[in-house]
Amino acid sequence: MYQPKMAVTTAAEVKAILGADFPSQVQKILDHIDPHCRAWIERSPFVVISSVNAAGEMDVSPKGDPPGFVKVLDAHTLAIPDRIGNHRGDTFMNVLENPNVGLMFVVPKRREVVRVSGTAQVVRDPELLDTMAAANGRAPDLALLVRVREAFFHCGKSMIRSGLWEPERWASIDGLPSYGQAL
């Protein structure tokens with residue numbers, strides 16, 4: 001097992017290494033969904049949800065549907081429908097134990113992302129679920145309701161470095177196991 005030789009152990013060390021610009025990034029954080037964040041979320045076909053259970057075990061779950069599938073109910077509330085997937089319910093189980101979540105909204109061909117953090121609860125309100133019917137007309141059985149604590153745009157440097165939207169820079173998928181093979 002790898003053992004680090006120079007572990008960073010204090011916030012002061014992190015701030016010293018990252019430099020003077022580090023604190024200025026806090027100024028871009030909002031406590032609500034502004035019109036710019038709303039437009040982004042409404043155009044995003046893909047969100048990643050991070051959650052942690054009471055034991056500290058983490059989960060990161062991708063969610064995707066046509067743009068607009070995440071509903072901006074008001075400046076402080078988002079609703080994310082549950083769609084048929086692996087049927088594990090990891091995010092829901094985690095939220096029942098620890099309501100803190102993080103979201104990352106991705107829009108194809110854009111380098112930036114919108115990050116949101118807040119608290120969530122699992123809901124079954126029929127009038128809300130009916131507004132989230134899938135292309136097949138079926139409403140989800142559950143939704144994740146997120147109360148926004150922080151929202152902000154995150155710069156596109158990681159997307160630029162990754163070449164995520166540049167197919168000519170992608171690594172070959174030859175030899176990668178399929179989902180079925182991995183199972």
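E112 is partly exposed, having a relative accessible area of 25%, where buried means under 20%, exposed means over 50% and partly exposed covers the values in between, all with a 1.4 Å probe and with protein chains only as cover. The structure is a predicted model, in which local features need pLDDT of at least 70 and side-chain atom pairs count only at pLDDT 80 or more, while totals for chains, interfaces and linings use all residues. Residues are numbered from 1 along each chain as its sequence is written, and side-chain values use heavy atoms, with hydrogens and water left out.

**Overall build**

The protein has 6 helices and 7 strands, which are DSSP runs numbered from the N terminus, with helices (H or I) of at least four residues and strands (E) of at least two. Along the sequence these elements follow the order α-α-β-β-β-β-α-β-β-α-β-α-α. Along the principal axes, the C-alpha atoms fill a box of roughly 55 × 45 × 35 Å, and 30% of the 183 residues count as buried.

**Salt bridges**

A search of the whole structure gives 6 salt bridges, a salt bridge being a side-chain nitrogen of Lys or Arg within 4 Å of a carboxyl oxygen of Asp or Glu. The table includes some of them.

| Residues | N to O distance |
|---|---|
| D65 and R83 | 2.4 Å |
| R110 and E112 | 3.2 Å |
| R138 and D141 | 3.5 Å |

The salt bridge of D65 with R83 links distant parts of the chain, since D65 sits in the loop between β2 and β3 (71-74) and R83 in the loop between β4 and α3, 18 residues apart. D65 is partly exposed at a relative accessible area of 22%, and R83 is likewise partly exposed at 22%. In the pair of R110 and E112, R110 counts as partly exposed with a relative accessibility of 41%. R138, which meets D141 in a salt bridge, is partly exposed with a relative accessible area of 43%.

D141 can also be set against G156: the two are 15 residues apart in sequence and 35 Å apart in space, C-alpha to C-alpha. G156 belongs to the loop between β7 (143-154) and α5 (157-162), and with 9% relative accessibility G156 counts as buried.

**The largest pocket**

The largest pocket has a volume of about 620 Å³. Pockets and cavities are found on a 1 Å grid over the protein atoms alone: a pocket is an open set of points with protein on both sides within 12 Å along at least five of seven lines, a cavity is a set of points where a 1.4 Å probe fits but cannot get out, and lining residues have an atom within 4 Å of a point. Grid points are joined across faces, edges and corners, and a volume is the space filled by probe spheres set on the points.

The lining of the largest pocket consists of 23 residues, and K63, D82, R83, I84 and G85 lie nearest its centre. Strand β2 (58-64) and helix α3 (90-97) each supply at least two lining residues, and β2 gives the most, with 4. By class, the lining has 8 nonpolar, 8 polar and 7 charged residues, where Ala, Val, Leu, Ile, Met, Phe, Trp, Tyr, Cys and Pro count as nonpolar, Asp, Glu, Lys and Arg as charged, and the others, Gly among them, as polar.

**The cavity**

The structure holds 1 cavity of 30 Å³ or more, and the largest cavity contains about 50 Å³ of space. Its lining is formed by I49, K63, I80, P81, D82, T91, F92 and L144, with β4 (77-81) and α3 each supplying at least two residues. By class, this lining has 5 nonpolar, 1 polar and 2 charged residues.

I17 is found in α1, which covers residues 11-18, and I17 is exposed at a relative accessible area of 61%. Together with V8, V14 and L18, I17 forms a nonpolar surface patch with about 360 Å² of accessible area. Such patches are made of residues with over 30% relative accessible area and no salt bridge, like charges being joined within 9 Å and nonpolar side chains (Val, Leu, Ile, Met, Phe, Trp, Tyr) within 5 Å, and accessible areas come from the Shrake-Rupley method with a 1.4 Å probe, only the protein chains shown counting as cover for residues. Just after α1, G19 takes a positive phi of about 90 degrees.
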